[in-house]
Structures are given as structure tokens and as C-alpha cells.
Amino acid sequence: MTEHTLTVAGVAVDTRHWIGGRRVASTETFTDVSPIDGSTIGEISRGTALEAAAAVAAAKAAFPAWAATSRAERARILHAVADGVEKRIEDLSIVETTDNGALLRSHRRGVMPRVAHNFRFFADWLLKLEHEDFETRGHTNHVSWDPAGPSVLITPWNAPLMLATWKVAPALAAGNTVVLKPAEWSPLTASLLADIAAEAGLPAGVLNVVQGYGSEIGDALTSHPDVRRISFTGSVPTARRIAESAAGNLTPLSLELGGKSPLLVFADADLDLAVDLAVEQYDNAGQVCLAATRFLVEESVAEEFTRRFVEKAATLTQGDPRHETTDIGPNIHPRQLEKIDAFVQRALAAGARAVVGGHRKDTQYYAPTLLTDVAQDSEIVQEEVFGPVLTLQTFSTEEEAVRLANDTRFGLAATLATADAERAERVTAQLVAGTVWVNCFFVRDLQAPFGGSRHSGVGREGGTWSFDFYCDLKNTVTAPNGWKNHG
Ligand code: NAD
């Protein structure tokens, strides 16, 4: 324990950066606050361009040895990291819940096991990563995935460790070294990950963690000439700044951004299922990029759908995310709550009707909300709120449903409720979305491509697509009997 250690719900968390296998403190700090009750958790090192540069230098220094480490050894160490995560699921869960307000039971049973799985999956995928050799006029083509180099990974607060490790695991598996910059509203579990990785035997400098405000250290990371990859999950305005900053070095980017995804409910759908899918959109207090926040319901069933939705929404319990019976926790920060409420009040002033909620509960919690009577071109239909705020519109033809579904600048996901397989196929083919769920929601497999179209992102990660992004692909062409003729 040092003056830089916080005790969060009984768990010791180092508040400093992790650079080159050492803890490094900044002179300045920022205050980390719990969304559960607005209480101060503690002071965290507030990185500057200096620490950003030191972290990139550490990643650069560690790169040659890590890139040269055999696939089998890299995979072994990643499995050891997964073991370390599994041993600390309880610690990681309570720290994450305290820090970002998401449900403790989800962290324990879903999110943290998935964090471990991120490491296991990419370790195993690495071992079977290959492309069959092929011939061109007797010449052999051989494709290889070469580690690209130091990678900067920048992540948001809504699912901190899950989203961070979804990038860290494939980047490390690929043989890259990493500088991770977690969100300033949820910095803690990244620090625990550094401890776990070090204990698992990950060499110094292979994973570095810098804390601080993106506006203060982001540019130093993303414009750095030694950085070979940038993977970012967050908002569209930040993505634009990162793209500008990375342009000088033409650093390849992977961008996973916001959404305004639709839930299309056709009259032939199982309405109970459709309502279950709809109510799920309040998960994580609506702070889910993939959330289907726009309900598009066929006119003939809209009244019945709404009635059942209102009934079901009334059964949800909102409150302390540490309690087993809570369904919806707080929003991340009073500033986020203000933003959410401003969206809702502007929508109401423009003529929307709140069928459910429509107001804040206090400074930390926003009432789950459903708005109807909203115009397609209105702000509330077009812009991402990132809170428990949903809209409902109706359609009368399949054509209209598709048109409304596609009519935003986003294209992250879409969910369909229908009993007609042919319709599902027809509609899916016309939707602009990285992921389409038919009669289900949030089923995600790490081998599937994941990402968004239009303003929801650039590129895809997952399975081989992650390795394609984090590696420099190389094709080696060898002449027939090459050694006899040329050697
Ligand atoms: P944000 O863009 O404000 O911040 C994300 C991260 O970027 C933080 O770590 C922040 O410190 C950093 N950052 C800020 N300015 C920066 C700069 N100039 N340079 C470099 N980094 C900088 O986003 P947020 O509010 O933390 O997250 C919410 C957003 O993330 C929503 O739009 C949501 O839809 C999106 N999101 C997308 C996905 C996805 O997979 N598509 C997943 C989760 C969240």
C-alpha cells in the first residue's frame, strides 16, 4: 500500500499509470466519482503529454521482443491473464460497479467472465490463424500476419474493462505492444488489469496504461509517429479529432462509434418476445452503443405493443446497482444526466409525448423513458442520447419500415421481430447495419465481424478481422523450384 493506493469496496487499486512495468505518478490528479451516489472514490494520476510519450516509448522498446515471441508463448501468457481475471472476478466486479454504476450481478455473471474469454478466445484464434497457400503459375503464395507495432487503444466508460480487453487481447495476441487509455469517468479496472497482466508474466512495456483526460493526452498518443495502430471506441466527435490527429502519420484506425439503432416490430411478430426485446433496451441505463433505441412498430399492433411495453417497464426496479434485484442503475455522471434530460425536454417541447418516464429521478438516476409522437427528422430520433430514452414510431408497409430504419446517419445494429423468415431475409438485406439480430438481441460471438457503418464506425474487429487490423499482412511469393534456379 502506498499513498497512491485506493481501497475501493475493500479492493486495493493503484491510481498511477503503468508504464514500462513500473507505476508512474503524475504531479496532477483528477477526481474519480462513483455514479451510485456521487461520492468521491479518490484521486487518479492525471496524465500529460509527457506520460503519453513515455508510454509509447515503453511500448516501442518492448515491441521487438514481444513480436518475436512465439505464437504458442504469447497464447500461454494470454491464457494466464485470463486465469488472473477469473481469480479476481469478484474484485473486478465490485470495483467496476462502484466506478461506472453498471449492475454488479451483470459484472459477476456476464461481463467479467467475458473479459477472461476475450483473452482465451484471441489466444486460441492466434494458434489457428492461417490462410491456405495458393499457386500462381507454379509460384507459391504464402500469407502471414506480421505484428504491426505499438498500438494505442482508447476506450469509453459504459463497459470499461470489457471494451478495453476486446481490443487489448487481440492486439497482444497479434504481437503488438499496447498503450491503453481508459475513460476518465471509469479508470479503475484498467489499473487492476495491469496488475493481473504483470502477475501473469506479460513482459514489462508490452501493456501500458495511461490515465487522464482524452482532451489533454489524446493528441500526444494519436499523433505519435511510433504508433502503428489506433483502435478507438467512443463518440463521433472524438473520433473525428482522432482521425485528424492520426492523419499526419496515416496511422490506421479502427473506430467503433455511436448508434441510433432500430427495433422493427412487424404485425406477425410474437408480441411478448418483441416487448421483451424492447424492455432490454433499458439495460445499463441505456448506455449501450448497440441499443435499439428507436422502436418502429407496424401500425396495426402499435397500440397493443405499447400497452404491453408500459406494463412490463413498470415492473423494472431502478436503484443501487449492487443490489441483486436492481434492473436499472444510475447514469454515469450528473453531466450525462443533464445531457439526457436536455434531449428529453427539447423533444417534449417539440410535441413528443412521454408514455413512460420523461424526467430525472435525482442527480444520478434518470427515469426509464419512452417517447411517442416524434418526427423522423427530429433530434430525438436522429441523435444518440446514451441514456434510458427510447422512441416509438409506427409504419404501415415493409418499405416504410426499411426507409425509417435506415434514415439516420448511423449504422451500428438493427433488431427485427417477425415470424416471417422470408421477410427477415428481405429486410435484413436492405438494412445498413454492422449487426442484425432477428428475434433476439445482444447475442455476440467473438469470431463474428463487429463494427458499424456510416457514422457508427470504420472497420470491423472480431476473429480474423481483429488480426487483419492489428497486423501488417504480408504475401510471400516463391518461384517454382526457386532454390534450384536462384539459390
Ligand atoms: P468519448 O468519445 O467522449 O470518450 C471515449 C474515450 O476517448 C475516452 O477515453 C476519452 O478520454 C477519450 N478521448 C476524448 N477526447 C479525446 C481526444 N481528443 N483524443 C483521444 N482520446 C480522446 O465517448 P464516451 O462518452 O466515453 O462514450 C460514449 C460513446 O461511445 C457513445 O457514443 C457510444 O455509442 C460509444 N460506444 C460505442 C461502442 C461501439 O462498439 N460501437 C461501444 C461503446 C460505446
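Reply: A salt bridge here means a side-chain nitrogen of Lys or Arg within 4 Å of a carboxyl oxygen of Asp or Glu. This is a predicted model, so local features need pLDDT of at least 70, side-chain atom pairs count only at pLDDT 80 or more, and totals for chains, interfaces and linings use all residues. Residues are numbered from 1 along each chain as its sequence is written, and side-chain values use heavy atoms, with hydrogens and water left out.

Start with Lys167 and Glu461. Their side chains form a salt bridge, at 3.9 Å from N to O. Distant parts of the chain are linked by this pair: Lys167 is in helix α5 (residues 160–173), while Glu461 is in the loop between β21 (457–458) and α15 (463–470), 294 residues apart. Helices (H or I, at least four residues) and strands (E, at least two) are DSSP runs, numbered from the N terminus. Both Lys167 and Glu461 are buried. Buried means under 20% relative accessible area, exposed over 50%, and partly exposed in between (1.4 Å probe, protein chains only).

The structure holds 29 salt bridges. Another of them joins Arg23 to Asp195, with the closest N and O atoms 2.8 Å apart. Arg23 sits in strand β4 (residues 22–24) and Asp195 in helix α6 (residues 188–199), so the pair ties together parts that are 172 residues apart in sequence. Arg23 is buried, at a relative accessible area of 15%. Asp195 is partly exposed, at 22% relative accessibility.

Arg409 pairs with Glu383 in a salt bridge, again with closest N and O atoms 2.8 Å apart. Each partner lies in a loop: Arg409 between α13 (398–406) and β19 (413–417), Glu383 between α12 (379–382) and β18 (389–395). They are 26 residues apart. Salt bridges that share partners also join Asp272, Glu304, Arg307, Arg308 and Glu311 into one network.

Now the nonpolar cores. Such a core is a set of buried Ala, Val, Leu, Ile, Met, Phe, Trp, Tyr and Cys residues joined through side-chain atoms within 4.5 Å. The largest has 75 residues, and Phe119, Leu180 and Phe467 touch the most other members. Domain 1 (5–257 + 452–475) and domain 2 (262–438) both contribute residues, so this core lies between them. Those bounds come from an automatic or database domain assignment. Leaving out residues up to four places away in sequence, Phe119 touches Leu78, Val81, Ala82, Thr165, Val168, Ala169 and Leu193. Contact means heavy atoms within 4.5 Å. A second, separate core of 24 residues includes Phe295, Val301, Phe309 and Val356.
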